[in-house]
Amino acid sequence: MELRKTARYPLDLGVTFQWTNEGQDYFGTGSTRDISAAGMFVFSENCPPYNAQLTCEVTAPRSRSAGSLQIKASGRVVRVESTPGGFAVFGDMQLFSEDAVSDWMERSDRADEN
């Protein structure tokens, strides 16, 4: 029986992440196994510890017809797996397209000029 409230989408995308432990910043890279509106699973050799608060950034590859899609997430590590080596993040997922960010920056710059 599936207990998840949001659909997961199998996506293999590069991800960078950061967390802080006892005042020390740590960084890692990996690839997503799946992403949902509430979290993601990341394959990585350098996993943050269980319950760590972290931020992640996922960027989908560019296509000729569209800009890149960027996903920024902040959340908590809810599971760490030694085999195959990865972790699950539950938290706040925000989607940004390169074009949307560019448009927002242009509007912001024009507002600052006035």
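**View 1. Contacts around serine 44 in the predicted model.** Serine 44 touches Phe17, Thr29, Gly30, Gly85, Gly86 and Phe87, leaving aside residues up to four places away in sequence. The model shown here is predicted. Serine 44 sits in the loop between strand E4 (39-43) and strand E5 (53-59). Its relative accessibility is 8%, so serine 44 counts as buried.

**View 2. Polar partners of the serine 44 side chain.** Two backbone atoms are shown here. A polar atom of the serine 44 side chain lies 2.8 Å from the backbone oxygen of threonine 29. The serine 44 side chain also reaches the backbone nitrogen of asparagine 46, at 3.1 Å. Threonine 29 is also one of the residues that serine 44 touches.

**View 3. Aromatic rings linked into a cluster.** Phe17, Trp19, Tyr26 and Phe87 are linked into a cluster by ring pairs. The structure holds four aromatic pairs. In one of them, the ring centres of phenylalanine 17 and tryptophan 19 are 5.9 Å apart and the planes meet at 20°, so this pair is stacked. Phenylalanine 17 and tryptophan 19 are both buried. The rings of tryptophan 19 and tyrosine 26 have centres 5.4 Å apart and planes at 15°, so this pair is stacked too. Tryptophan 19 has a relative accessible area of 5% and is therefore buried. Tyrosine 26, at 34%, is partly exposed. Two cluster members, Phe17 and Phe87, are also among the residues touched by serine 44.

**View 4. Arginine 33 over phenylalanine 41.** Arginine 33 lies over the face of phenylalanine 41. The distance to the ring centre is 3.9 Å.

View 5. Cysteine 47 has 25% relative accessibility, so it counts as partly exposed. Cysteine 56 has 5% and counts as buried. A search of the whole structure finds zero disulfides.

**View 6. The chain as a whole, for orientation.** The chain has one helix and seven strands. Along the sequence the pattern reads β-β-β-β-β-β-β-α. Of the 114 residues in the chain, 28% are buried. Among contacts between residues at least 6 apart in sequence, 53% join residues at least 24 apart. The chain exposes about 7900 Å², and carbon and sulfur atoms supply 51% of that area.

Definitions and conventions: Residues are numbered from 1 along each chain as its sequence is written. This is a predicted model: local features need pLDDT of at least 70, side-chain atom pairs count only at pLDDT 80 or more; totals for chains, interfaces and linings use all residues. Side-chain values use heavy atoms; hydrogens and water are left out. Helices (H or I, at least four residues) and strands (E, at least two) are DSSP runs, numbered from the N terminus. Buried means under 20% relative accessible area, exposed over 50%, partly exposed in between (1.4 Å probe, protein chains only). A polar contact is a pair of N or O atoms within 3.5 Å; within protein, one must be able to donate a hydrogen and the other to accept it, and residues adjacent in sequence count only if both atoms are side-chain atoms. Contact means heavy atoms within 4.5 Å. A disulfide is a pair of cysteine sulfur atoms within 2.5 Å. Accessible areas come from the Shrake-Rupley method with a 1.4 Å probe; for residues, only the protein chains shown count as cover. Rings of Phe, Tyr and Trp (its six-membered ring) pair if their centres lie within 6.5 Å; planes under 30 degrees apart count as stacked, over 60 as edge-to-face and the rest as tilted. A charge sits over a ring if NZ of Lys or CZ of Arg is within 6 Å of the ring centre and within 35 degrees of the ring normal.
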